Amino acid sequence: MLHNFLIVLQQVIVLFILILIGYFFGKRRIFSAETIRGLDFLVLNLALPCTIVRGFQMEHTAEMMRNLLLCIGFAALLQALFLFAAMPFARKMPRDERAVYVLSSALTNCSFMGFPLQSAVLGPLGILYGSGYVFSMNLCTFTVGYYLFTGDRKSISPKQILTRPAIVGTVLGLALFVAGISLPSTVSTVVDHIANLSVPLPMFIIGYHLSHVELKTVLRKHLHWRFSLLRLVVFPVAAIVLLYALGLRGTVLLSLAVSASCPTATAVTIIASRFSDKGELSAELGAMQTLLSLLTLPIMLAFASLFA
């Protein structure tokens, strides 16, 4: 419990320092709206795909492959349940606001925050199985996420899905993993450098949006607290109990528990900024949940350990 708490504490401090840098640059107008649009594009179309490909770069056994497929399937199940469970709480909201609250409850920061935690607690296998959750979440983000903001069914067409960089990166990474192919050293180094941008840039984006809101007002919004409770407590507990009831144990259960217990995905802020004027609302939720996760994540991991 103490070990997990210290790991989470370190990660949250790092993320909040990066958010503060983005906040400072926003306040000083070093970052502009145009800058943030460029960073959005860079994260979604380059940094995130490279992060995914890097996550699959390891040797595998038949058991590891089986467990990875289980993680992908169960992650998809969890995200579908989270989406449906969050919808009734937001049904009377305007479309863009509803999209932010529902997605912030269903989608988690399972790569930027989940991977470091899985690596520290579970080792390389934790990251591999965590990649299965990321695969399902990216599929959900770039299909359902886009649809909730745009209302355009074309956003969930097979052509649109398969041509999105994050999905291309996932398919490529999975193909390399299954085939047992390692990237050449030079290519791997380039991918690593680009993937490393996936941690600071999304935090800068959140910080920029927070520089345009009143922080005291954020903590007074009861809806923020309601949906944060769903994301950080209700959904993780329900997920852990469900996964245990379905027969999952050990590293697979713990890895999925970490992914399902993380605060809201930074991708929600990115797509909210791209398709609506609710980027600041999403950034409020992201920063608030990241801070609250300092308390909730160690508790959820300890709870999951009882079932693993």
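Visitor: What makes helices α2 and α6 roughly antiparallel in this predicted model?

Guide: Helix α2 and helix α6 (residues 124–150) pack at an angle of about 155 degrees, and their axes are 10 Å apart. An angle over 145 degrees counts as roughly antiparallel, and α2 is therefore roughly antiparallel to α6. The crossing of these two helices is left-handed.

Visitor: Which residues make the contact of α2 with α6?

Guide: From α2 come Leu44, Leu48, Ile52 and Gly55, while α6 contributes Ser131, Val134, Asn138, Phe142 and Tyr146. By class, six residues of this contact are nonpolar, three are polar and none is charged.

Visitor: Why are α10 and α15 called roughly perpendicular?

Guide: Helix α10 packs with helix α15 (residues 279–307) at an angle of about 115 degrees, with the axes 8 Å apart. The range for roughly perpendicular is 65 to 115 degrees, and the pair is therefore given that name. The crossing of α10 and α15 is left-handed. On the α10 side the contact is made by Ile206, His209 and Leu210, and on the α15 side by Gly279, Glu280, Ala283, Glu284 and Ala287. Four of the residues in this contact are nonpolar, two are polar and two are charged.

Visitor: How do you know whether Ser211 is buried or exposed?

Guide: Ser211 has a relative accessible area of 6%. Buried means under 20%, so Ser211 is buried. Ser211 is found in the loop between α10 (200–210) and α11 (215–218). Apart from neighbours within four places in sequence, Ser211 is in contact with Tyr23, Gly26 and Lys27.

Visitor: Why is Arg29 called exposed?

Guide: The relative accessible area of Arg29 is 75%. Exposed means over 50%, so Arg29 is exposed. Arg29 lies in the loop between α1 (2–27) and α2 (33–55).

Visitor: What is to be noted about the phi of Arg29?

Guide: Phi of Arg29 is near 60 degrees, a positive value in a residue other than glycine. Most residues other than glycine have a negative phi.

Visitor: How many residues has the largest nonpolar core, and which have the most contacts inside it?

Guide: The largest nonpolar core has 87 residues, and those with the most contacts inside it are Phe82, Leu103, Tyr133 and Leu256. Helix α3 (residues 62–90) supplies the largest share of this core, 12 residues. Leaving aside neighbours within four places in sequence, Leu256 is in contact with residues including Cys71, Phe74 and Tyr133. A second, separate core has five residues, among them Leu122, Ile240, Leu254 and Ala304.

Methods:
Residues are numbered from 1 along each chain as its sequence is written. This is a predicted model: local features need pLDDT of at least 70, side-chain atom pairs count only at pLDDT 80 or more; totals for chains, interfaces and linings use all residues. Side-chain values use heavy atoms; hydrogens and water are left out. Helices (H or I, at least four residues) and strands (E, at least two) are DSSP runs, numbered from the N terminus. Buried means under 20% relative accessible area, exposed over 50%, partly exposed in between (1.4 Å probe, protein chains only). Contact means heavy atoms within 4.5 Å. Axes are lines fitted to C-alpha atoms, for helices over the stretch in contact, and angles run from 0 to 180 degrees between N-to-C directions. Angles under 35 degrees count as roughly parallel, over 145 as roughly antiparallel, 65 to 115 as roughly perpendicular and the rest as oblique. A crossing is left-handed if the near helix is turned anticlockwise from the far one by less than a right angle, and right-handed if clockwise. Ala, Val, Leu, Ile, Met, Phe, Trp, Tyr, Cys and Pro count as nonpolar, Asp, Glu, Lys and Arg as charged, and the others, Gly among them, as polar. A nonpolar core is a set of buried Ala, Val, Leu, Ile, Met, Phe, Trp, Tyr and Cys residues joined through side-chain atoms within 4.5 Å.
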